[in-house]
Amino acid sequence: MSVARCSAESRLPKQVGLLVGLLVAWLSLGANANALDYPVRQIKLVVPFIAGGPVDFLGRVVAKDISQRLGQPVVVDNQSGAGGVIGTEFVARAPADGYTLLLAINSQTFGLQGSREPHLETSFSAISTIAVWSHVLVVRPELPVHSLTELVAYAKANPGALTFGYGLNTPPQLLGETLKRSSGVDIRGIPYRGGAQAVADMLGGRIDMNFGTSAMLAPMVREGKLRAIAYSGAHRTADLPDVPTVTEAGFPQLSFDPDAWAMVLAPTGTPTAVVDALNTAINEGLRDGDVPALLAKSGYIPRTGTAADARAFLAAESRKWPPVAQAAGLKAE
């Protein structure tokens, strides 16, 4: 074999390697360019709970703001059922392109649905946290109780007589069950597709008590349609400043500070550039414009942060809630 031929053959692997490297770089640049063009069409934000509830409200506020900032329509799609499983599964199966998003809440980390529900950490890319909040406990005004202590005493004197309503697989369900277990009282739980339905039945006298957002329930309390007896937050809510916290009332086991949160997720594998674009838009909205005032007025505390912050928060919350739900005796229904 000639020296020239040997030299040529020795250069061949290097040339092939160089070509492969250039091809990979070109494809990467193309992918990033496409991601940076995002969005070019309508985005769907799936809310896995019924319309009219507190989670739906959050979804609509965020969707409107993102739409204005990104220049493309963002529509809310309520896909309720099975405690959030239906909508969550829908998004998990969607293309990882940033055009189908999920508004998740902490009850989806309770572990109630087992293998039925996609795991938020592994099936999704965390984009941004949105808000955290707590709940107020209200009773029918006809009920002869004005405090948590009186409620527990009444329940013990009348086992099985009281009922509380909740949206299936939601923080109000966990709070109610925690109250029952920790106090040793027999109160019957009535599941609904969403909290709004539970409130409607409570106003109609069909259930006795309910945990809900202060923004939703405070107007009814002020009108005398409901009686507020405790708030689950670490501090009293401005909506109902005369209502004691659960800790002040002697029931610190009901304070999770906060007991609810919401965040936006996308199917796992969504390009980093898309995640970052959405995170930037969401956080800009949470810091300025109409969103902070709207959330504050409705009892929500905005929670900003990077996508990495959201991933860390989701990981911590995914470890926190299953033991709490198990201790409360929650089970898939």
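First, the ground rules. The model is predicted, so local features need pLDDT of at least 70 and side-chain atom pairs count only at pLDDT 80 or more, while totals for chains, interfaces and linings use all residues. Residues are numbered from 1 along each chain as its sequence is written, and side-chain values use heavy atoms, with hydrogens and water left out.

Start with helices H2 and H9. Helices here are DSSP runs of H or I with at least four residues, strands are E runs of at least two, and both are numbered from the N terminus. H2 covers residues 54–70 and H9 covers 272–287. They pack at about 115°, axes 9 Å apart. Axes are lines fitted to C-alpha atoms, for helices over the stretch in contact, and angles run from 0 to 180 degrees between N-to-C directions. Who makes the contact, meaning heavy atoms within 4.5 Å? H2 brings Asp65, Ile66, Arg69 and Leu70. H9 brings Ala277, Leu278, Ala281, Ile282, Glu284 and Gly285.

Stay on H9 for Asn283. Asn283 is buried, because its relative accessibility is 3%. The cut-offs: buried is under 20% relative accessible area, exposed is over 50%, partly exposed is in between, with a 1.4 Å probe and protein chains only. Beyond four places in sequence, Asn283 touches Ser128, Thr304 and Gly305.

Next, Ser214, in helix H8 (residues 214–222). Ser214 is buried too, at 1%. Its side chain makes a polar contact with the side chain of Asp239, at 2.9 Å. A polar contact is a pair of N or O atoms within 3.5 Å; within protein, one must be able to donate a hydrogen and the other to accept it, and residues adjacent in sequence count only if both atoms are side-chain atoms.

Now Ile86, in helix H3 (residues 85–93). Ile86 is partly exposed, at 41%. Setting aside neighbours within four places, Ile86 contacts Gln79, Ser80 and Gly81.

Last, the rings. Rings of Phe, Tyr and Trp (its six-membered ring) pair if their centres lie within 6.5 Å; planes under 30 degrees apart are stacked, over 60 edge-to-face, the rest tilted. The count is seven aromatic pairs. Phe110 and Trp321 form a tilted one, 5.5 Å centre to centre, with 45° between the planes. Phe110 sits in the loop between strand E3 (100–105) and helix H4 (120–123), and Trp321 in helix H11 (residues 307–327), 211 residues apart. Both are buried. Elsewhere, ring pairs link Phe57, Trp133 and Tyr300 into a cluster.

Note on methods. Contact means heavy atoms within 4.5 Å.
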